[in-house]
Amino acid sequence: MALTAKQEAFALAYLQTGNASEAYRRAYNAENMKPETVNKRACELMANGAITGRLAELNAAAVSAAVMTRQEALERLSVFARTDLADLVEFGSYELGQDDSGQPIVQASWHIRDSVLQDPKKLAAISELSATKDGIKIKTHSPLQAIQQLAKLQGWDVHELDAEAKRLTNERMRRELGEGMTQTAVRFSRDA
């Protein structure tokens, strides 16, 4: 059963406020009603199956829109992996003058690029920005961790790569230990 325009307005107002009585006041002409009457009518609407069904639909749509999709996660992680600190700040050096021997005094510095000129997606790579006693501190999300997360989401078999690296390390250690044992045995036999 389709909702009336006022029932739809009630459902939308209820989602905004979380209060059935307030939603009733917003959707219906309740100016001359007693609060008890408003509360009773709001409760009746909340008991209406069509309205509760519509509220469930609206809630599901709101949750669905709020949750990041896999594609969005991949795109954001890709930006984190590709963003370099030089994309966010400008480095420079400035000659302040000359010392007593006539050599230039140069000061290295950096400053954050104007946010209006920044790519908002790259700005999201900043994980921490704080003012300390030593100046401004800027920290970005780890590109390596972003790449690892991308690998995991894309199904690149990181575990196989780790297992292969461990196998090669173990092989190398066995070889080195074997050579060490042989050299030790040779030393012992010479001493005997």
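# Close-up views of a predicted model

**View 1. Ala 56 sits in helix H4.** Ala 56 is found in helix H4. This model is predicted. With a relative accessible area of 45%, Ala 56 is partly exposed.

**View 2. The whole chain gives the setting for the close-ups.** The secondary structure comes to nine helices and four strands. Along the sequence, these elements follow the pattern α-α-α-α-α-α-β-β-α-β-β-α-α. The chain has 192 residues, and 17% of them count as buried. Consider the contacts between residues at least 6 apart in sequence: 42% of these join residues at least 24 apart.

View 3. Leave out residues up to four places away in sequence, and Ile 51 touches Leu 3, Gln 7, Phe 10 and Leu 45.

**View 4. Helix H2 has a buried face.** Ala 20, Ser 21, Ala 23, Tyr 24 and Ala 27 of H2 are buried. Seen down the helix axis, the buried residues of H2 fall within an arc of 160 degrees, so they line one face of the helix. An α-helix has 3.6 residues a turn, so residues three or four places apart point the same way. The cover over the buried residues of H2 includes H1 and H3. Asn 19 caps the N-terminal end of H2. A side-chain oxygen of Asn 19 lies 2.9 Å from the backbone nitrogen of Ser 21.

**View 5. Helices H2 and H3 cross.** H2 and H3 pack at an angle of about 95 degrees. Their axes are 8 Å apart. The two helices are therefore roughly perpendicular to each other. On the H2 side, the contact is made by Ala 20, Ser 21, Tyr 24 and Arg 25. On the H3 side, Val 38, Asn 39, Arg 41, Ala 42, Leu 45 and Met 46 take part.

View 6. Ser 21 is found in helix H2. Its relative accessible area is 12%, under the 20% cut-off, so Ser 21 is buried. The side chain of Ser 21 makes a polar contact with the side chain of Asn 39, at 3.4 Å. Not counting residues up to four places away in sequence, Ser 21 touches Val 38, Asn 39 and Ala 42. Val 38, Asn 39 and Ala 42 belong to the H3 side of the helix contact.

**View 7. Gln 7 is a buried polar residue in H1.** Gln 7 lies in helix H1. A relative accessible area of 11% makes Gln 7 buried. A polar atom of the Gln 7 side chain lies 3.0 Å from the backbone nitrogen of Thr 4. Setting aside residues up to four places away in sequence, Gln 7 touches Ala 2, Tyr 28, Leu 45, Asn 48 and Ile 51.

View 8. Gln 118 is found in the loop between strand S2 (104–112) and helix H7 (120–123). At 8% relative accessibility, Gln 118 counts as buried. The side chain of Gln 118 reaches the backbone oxygen of Leu 88 at 2.9 Å. Gln 118 and Leu 88 are 30 residues apart in sequence, yet 7.2 Å apart in space, C-alpha to C-alpha. Beyond neighbours within four places in sequence, Gln 118 is in contact with Asp 87, Leu 88, Ile 112, Arg 113 and Leu 123.

Key
Residues are numbered from 1 along each chain as its sequence is written. This is a predicted model: local features need pLDDT of at least 70, side-chain atom pairs count only at pLDDT 80 or more; totals for chains, interfaces and linings use all residues. Side-chain values use heavy atoms; hydrogens and water are left out. Contact means heavy atoms within 4.5 Å. Buried means under 20% relative accessible area, exposed over 50%, partly exposed in between (1.4 Å probe, protein chains only). The arc is that of the directions from the helix axis to the C-beta atoms. A polar contact is a pair of N or O atoms within 3.5 Å; within protein, one must be able to donate a hydrogen and the other to accept it, and residues adjacent in sequence count only if both atoms are side-chain atoms. Axes are lines fitted to C-alpha atoms, for helices over the stretch in contact, and angles run from 0 to 180 degrees between N-to-C directions. Angles under 35 degrees count as roughly parallel, over 145 as roughly antiparallel, 65 to 115 as roughly perpendicular and the rest as oblique.
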